[in-house]
Amino acid sequence: RKGGGSPTCLALRASVMADVDDTEQFEGTDSGASGTYPLQAGLVRKGGHMVIKGRPCKVLDVSTSKTGKHGHAKCHFIAQDIFTGKKMEDLVPSSHNLAAPIVTRVEYQIIDTDEDGFASLLLEDGSQKDDLKLPLNTNDALCDEIKAKLEGEKDVFVTVLSAMGEDLIVAVKEAADK
């Protein structure tokens, strides 16, 4: 028989190969870019978001310059890291893609803060999130306002900004009277 064996032998060989494929496992690694999407540089506007040097940033200013006869127009971005406040710059050809972070704002009820500066937040499913630190070094006025409002009798809510696996409390408000 041409082709290498009996039908039973071929079925056995296929079965063994299928078993090998089913048990193969891959280790996942975090590249840091999982919370991003591609965006053409020429489409990024002031107030938009982009990634510079691996950090999520809010664009403060964009200027586009025309280059020589065969060159690309280039976009010069001045942006601010949304978590540290550090200013950054980048120069990208306008036709090239860059990474834009997926930025979300979610409101949570804050229950308490501990002496280490961590906030206890109540999630929608009723569980607690205790791993979010108050913005002590970046926004002391906001921390003082959160602590003052927690001493009152009303429910207190904080707005949490999230991007690329990082979270930051950016605002606080008291619940409205019913």
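Lys133 lies over the face of Phe118, 4.5 Å from the ring centre (criterion: NZ of Lys or CZ of Arg within 6 Å of the ring centre and within 35 degrees of the ring normal). The model is predicted: local features need pLDDT of at least 70, side-chain atom pairs count only at pLDDT 80 or more, and totals for chains, interfaces and linings use all residues. Residues are numbered from 1 along each chain as its sequence is written, and side-chain values use heavy atoms, without hydrogens and water.

Five strands (DSSP E runs of at least two residues) form an open antiparallel sheet in the order E9-E8-E7-E10-E11. Pairing requires at least two DSSP bridges between two strands. Strand E9 (128-133) and E11 stand at the edges with a single partner strand each, so one side of each has no neighbour in the sheet. E8 (residues 118-122) is joined to E9 by four bridges, antiparallel. Here Ala119 stands opposite Leu132.

At E10 (residues 156-163) and E11 (residues 166-174), eight bridges join the antiparallel strands. Thr159 has Ala171 in E11 as its bridge partner. The two strands form a hairpin with two residues between them. Met164, in the turn, has a positive phi of about 50°.

The largest pocket is lined by His49, Lys58, Leu60, Gln80, Asp81, Ile82, Gly85, Val103, Arg105 and Leu161. A pocket is an open set of points on a 1 Å grid where a 1.4 Å probe fits, with protein on both sides within 12 Å along at least five of seven lines; lining residues have an atom within 4 Å of a point. Strands E3 (55-65) and E4 (74-81) each give two or more residues to this lining.
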